[in-house]
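Trainee: I'd like to learn how to read a structure feature by feature. Can you walk me through one?

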Amino acid sequence: MPNCSAINCSNGAHNGVRVHRFPRERNRRAIWIQNSRRDKWSPTKMVLCDIHFEENQFETKRLDGKRLLKWNAVPTLFDVPNRKFLHLDDLMQCNENGLWNQCLLR
């Protein structure tokens, strides 16, 4: 598995940090790309590590004890100053109002 794709982060399996592939679903993938500040970058093996997700983005009370991302998890924790992050609710509102492209260009 590759290293984390976030700016200023090199975590990965090599140092025991779990990584997660970018979603295939177009809208959620766009949020991940924008939040990770990789707007103009689209390699095929983009991943983000656990440290870029708030604790509430992980499933809780799993019987198997595994720490997995929720299906609709959005990364918001990045070492990038002065950056506005999109949340899934923001995207849904933009989509309902027909402002998809404008939301991504914020």
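This is a predicted model: local features need pLDDT of at least 70, side-chain atom pairs count only at pLDDT 80 or more; totals for chains, interfaces and linings use all residues.

Trainee: What about cysteine 4: which cysteine sulfur is closest to its own, and how far away is it?

Mentor: That one is in cysteine 9, and the distance is 3.7 Å, again too far for a bond. A disulfide needs the two sulfur atoms within 2.5 Å. Searching the whole structure gives 0 disulfides.

Trainee: Are cysteine 4 and cysteine 9 buried or exposed?

Mentor: Cysteine 4 has 8% relative accessibility, so it counts as buried. Cysteine 9 comes out at 14%, so it counts as buried too. The cut-off for buried is under 20%.

Trainee: OK, rings next. How do I read an aromatic pair?

Mentor: You describe a pair of aromatic rings by the distance of the centres and the angle of the planes. There are 3 aromatic pairs in this structure. One of them joins phenylalanine 22 and tryptophan 32, edge-to-face, with 5.3 Å centre to centre and 65° between the planes. That pair links distant parts of the chain, 10 residues apart: phenylalanine 22 sits in the loop between strand 1 and helix 1 (26-35), and tryptophan 32 sits in helix 1.

Trainee: How accessible are those two residues, phenylalanine 22 and tryptophan 32?

Mentor: Phenylalanine 22 is at 5% relative accessibility and counts as buried. Tryptophan 32 is buried as well, with a relative accessible area of 3%. Then take phenylalanine 53 and phenylalanine 58: their ring centres are 6.3 Å apart and their planes lie at 75°, so this pair is edge-to-face. Both of these phenylalanines are buried.

Trainee: Which residues form the aromatic cluster?

Mentor: Phe22, Trp32, Phe53 and Phe58 make up one cluster. There's a charge to look at here too: arginine 67 lies over the face of phenylalanine 58, 3.7 Å from the ring centre.

Trainee: How should I think about burial along a helix?

Mentor: An α-helix has 3.6 residues a turn, so residues three or four places apart point the same way. Now the case at hand: helix 1 is mostly covered, with 8 of its 10 residues buried.

Trainee: What caps the N-terminal end of helix 1?

Mentor: Glutamate 25 does, with a side-chain oxygen 3.1 Å from the backbone nitrogen of asparagine 27. Just after the helix, arginine 37 takes a positive phi of about 60°.

Trainee: And the nonpolar core, what's the idea there?

Mentor: In soluble globular proteins, nonpolar side chains tend to be buried together. Here the largest nonpolar core has 17 residues, and those with the most contacts inside it are Cys4, Ala6, Phe22, Trp32, Leu48, Phe53 and Leu69. Helix 1 and strand 2 each supply at least two residues of this core. Its largest share, 3 residues, comes from strand 2.

Trainee: Which residues does leucine 48 touch?

Mentor: Leaving out residues up to four places away in sequence, its contacts include Cys4, Ala6, Phe22, Trp32, Phe53 and Phe78. Histidine 20 is on that list as well.

Trainee: Where is histidine 20, then?

Mentor: You'll find histidine 20 in strand 1 (residues 19-21). At 10% relative accessibility, histidine 20 counts as buried. Its side chain makes a polar contact with the side chain of aspartate 50, at 2.4 Å. Histidine 20 also touches Trp32, Phe53 and Phe58, among others.

Trainee: Last one: how do the elements run from the N terminus on?

Mentor: The order is β-α-β-α-α, which gives 3 helices and 2 strands. Of the 106 residues in the protein, 42% are buried.

Technical notes: Residues are numbered from 1 along each chain as its sequence is written. Side-chain values use heavy atoms; hydrogens and water are left out. Helices (H or I, at least four residues) and strands (E, at least two) are DSSP runs, numbered from the N terminus. Buried means under 20% relative accessible area, exposed over 50%, partly exposed in between (1.4 Å probe, protein chains only). A polar contact is a pair of N or O atoms within 3.5 Å; within protein, one must be able to donate a hydrogen and the other to accept it, and residues adjacent in sequence count only if both atoms are side-chain atoms. Contact means heavy atoms within 4.5 Å. Rings of Phe, Tyr and Trp (its six-membered ring) pair if their centres lie within 6.5 Å; planes under 30 degrees apart count as stacked, over 60 as edge-to-face and the rest as tilted. A charge sits over a ring if NZ of Lys or CZ of Arg is within 6 Å of the ring centre and within 35 degrees of the ring normal. A nonpolar core is a set of buried Ala, Val, Leu, Ile, Met, Phe, Trp, Tyr and Cys residues joined through side-chain atoms within 4.5 Å.
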